[in-house]
Amino acid sequence: DSAIFKIAVAPDGSLIACALDEKNKKAGVVRIIDSQTGAEKAKTEGWNGAPGTLAWSADGTMLVAVGGRAHEPGQARTWNAKTNQVSDVPWPAPKHLLVTAALSPAGRLLLTNEDSNIRVWDLPDNKMVYRMPSDAPELVEGVAFSPDGKIAIAACTPDSRESDRAGCLIVWDTSNWGEQKRLQLACGAEHIALSSDGRYLAASRRDST
């Protein structure tokens, strides 16, 4: 009934989550569907705007959705697959629209963009774990944890699609959130993913590579 922003399949393949755009002044929604029957199991509503991206915990018990509306505070909401409960992440509201998110393998840490910075939030303890002491040179548009949770990565990209400024990937050690390296890219990366063994990183860039 509206544009699909994102699809995310639970690790065991049993559930499919779809983030849908707002339409006709009606807010967007996340629909969670049983992949075997096609029946809707749950949905998350109450968005100011729409959810923009989705991430599952490694065990499939938690789904996080982030989004909002441009130029307004971002939103983050979780869905518990065991209790069917939808909850707002109880953090100080981000100043900007949230466009990317990753859950640590254990589902404890939520990593999101915060304009040209990142926010790492401990969900059980409800506290900030890390924020860069100074902003990245470009906007953060993609984040990921390694499968073992030992490293986190952010992809930074220029704000304008016509910009020829370089982007970069920033890598952290999650044991102390020390920055390990920055990898320069000819242009920005918007989406990143790590292989299951953590050895390889794939990034989609704005020059169609």
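**Cysteines and aromatic rings**

Tutor: Cys-156 is buried, with a relative accessible area of 0%, where buried means under 20%, exposed over 50% and partly exposed in between, computed with a 1.4 Å probe on protein chains only. This is a predicted model, in which local features need pLDDT of at least 70 and side-chain atom pairs count only at pLDDT 80 or more, while totals for chains, interfaces and linings use all residues. Residues are numbered from 1 along each chain as its sequence is written, and side-chain values use heavy atoms, with hydrogens and water left out.

The closest cysteine sulfur to that of Cys-156 belongs to Cys-168, and at 4.1 Å it is too far for a bond, since a disulfide is a pair of cysteine sulfur atoms within 2.5 Å. The structure holds zero disulfides. Cys-18 is also buried, with a relative accessible area of 10%.

Turning to the rings, the count of aromatic pairs comes to five; rings of Phe, Tyr and Trp (its six-membered ring) pair if their centres lie within 6.5 Å, and planes under 30 degrees apart count as stacked, over 60 as edge-to-face and the rest as tilted. One of these is the edge-to-face pair of Trp-91 and Trp-121, at 5.8 Å centre to centre with 80 degrees between the planes. That pair links distant parts of the chain, 30 residues apart, with Trp-91 in the loop between strand 8 (85–88) and strand 9 (101–103) and Trp-121 in strand 11 (residues 117–122); helices (H or I, at least four residues) and strands (E, at least two) are DSSP runs numbered from the N terminus. Both tryptophans, Trp-91 and Trp-121, are buried.

Tyr-130 and Trp-172 have ring centres 6.1 Å apart and planes at 65 degrees, so this pair is edge-to-face. Tyr-130 in strand 12 (residues 127–130) and Trp-172 in strand 15 (residues 167–173) lie 42 residues apart, so that their pair links distant parts of the chain.

Arg-77 lies over the face of Trp-47, at 5.8 Å from the ring centre. Arg-77 is found in strand 7 (residues 75–80) and counts as buried at 12% relative accessibility. Not counting residues up to four places away in sequence, Arg-77 touches several residues, including Glu-45, Trp-47 and Asp-88, contact meaning heavy atoms within 4.5 Å.

Conventions
Lys NZ or Arg CZ within 6 Å of the ring centre and 35° of its normal.
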